[in-house]
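I opened this notebook to keep track of what I looked up in one structure, a predicted model. The entries follow the order in which I went through the topics.

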Amino acid sequence: NSLEHLMIYTPVNIYEKYKERNVNSIYFDDTNFSLAYANIDGIFNRLKIRIRYYGNSNNLNSPKLEIKSKYGNVGKKDIFNLRIEDIYKNNFSLSYLKEQSFLESPKYNFIKSLHPILKVSYKRNYFLSSCNRFRFTLDTDINFKRFKKNNFIESLNNDNLIYLNKNILELKYATYHEVEASKLAQQLPARLSSTSKYLLALNYLGFITL
């Protein structure tokens with residue numbers, strides 16, 4: 001639940017890298033929840049598409065489109081800035097986006113067809129090991145609500161939130177530190193697993209079954 005708790009169980013020195021901040025994500029998918037099921041089915045090459053912004057969830061401040069590509073357990077993230085007026089004008093549709101150099105046409109056309117599904121918000125703390133090899137994020141007060149693209153004002157506000165009764169600690173590292181990271185994870189008093197806040201929220205709302 002805190003840096004102090006984490007330091008008890010880790011053999012490396014850890015310090016707070018950034019101050020706690022509120023993280024907000026609007027997740028996109030198609031009507032068949034193809035991206036969600038690709039994750040559940042363990043598809044080797046899969047995507048996660050979201051708009052991320054920080055601070056009060058009512059205020060769409062400096063939104064960025066994040067396209068997370070996963071190849072097995074290894075991931076990369078492409079990020080580019082969005083203009084708030086364009087998002088509102090297009091009613092949170094991604095169809096107005098222009099093709100980017102890192103997106104080939106099939107992937108680009110697929111992304112344009114997606115629509116907002118959920119808004120997920122939480123408080124995040126950032127920790128870093130003194131050797132700079134391991135990063136931890138601790139997510140608390142995790143809440144979500146269904147996103148209504150025809151009523152984005154209601155979708156962004158803090159009314160009728162549903163809370164997940166859990167905290168999520170994530171360990172991040174480069175692939176060449178995997179052996180060391182595995183040993184480090186074994187020291188933690190928690191079960192190591194793949195966890196998606198998007199999937200947990202969809203499951204709670206009855207859209208998918210985990």
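Below are my entries on aromatic rings, on charges over rings, on a pocket and on one strand residue.

Aromatic rings. I searched the whole structure and found eight aromatic pairs. Among them, I noted Y88 with F92, a tilted pair at 6.0 Å centre to centre and with 55° between the planes. I then checked accessibility: Y88 is partly exposed at a relative accessible area of 31%, whereas F92 is buried, since its value of 2% falls under the 20% cut-off. F92 also pairs with F147, again as a tilted pair, with 4.9 Å between the centres and 55° between the planes. Because F92 lies in the loop between α3 and α4 and F147 in the loop between β6 and α5, this pair ties together parts that are 55 residues apart in sequence.

Charges over rings. I recorded the charged end of R21 over the ring of Y54, 3.7 Å from the ring centre, and the charged end of K197 over the ring of Y122, 4.6 Å from the ring centre.

Second largest pocket. I noted a volume of about 160 Å³, and a lining that includes N22, Y122, K123 and D141. Strand β5 gives the largest share of this lining, three residues, and by class I have two nonpolar, eight polar and two charged residues.

Residue N45. I placed N45 in strand β2, residues 45-54, and found contacts with K70 and Y71 beyond its neighbours up to four places away in sequence.

Conventions: Residues are numbered from 1 along each chain as its sequence is written. This is a predicted model: local features need pLDDT of at least 70, side-chain atom pairs count only at pLDDT 80 or more; totals for chains, interfaces and linings use all residues. Side-chain values use heavy atoms; hydrogens and water are left out. Helices (H or I, at least four residues) and strands (E, at least two) are DSSP runs, numbered from the N terminus. Contact means heavy atoms within 4.5 Å. On a 1 Å grid over the protein atoms alone, a cavity is a set of points where a 1.4 Å probe fits but cannot get out, and a pocket is an open set with protein on both sides within 12 Å along at least five of seven lines; lining residues have an atom within 4 Å of a point. Grid points are joined across faces, edges and corners, and a volume is the space filled by probe spheres set on the points. Ala, Val, Leu, Ile, Met, Phe, Trp, Tyr, Cys and Pro count as nonpolar, Asp, Glu, Lys and Arg as charged, and the others, Gly among them, as polar. Rings of Phe, Tyr and Trp (its six-membered ring) pair if their centres lie within 6.5 Å; planes under 30 degrees apart count as stacked, over 60 as edge-to-face and the rest as tilted. Buried means under 20% relative accessible area, exposed over 50%, partly exposed in between (1.4 Å probe, protein chains only). A charge sits over a ring if NZ of Lys or CZ of Arg is within 6 Å of the ring centre and within 35 degrees of the ring normal.
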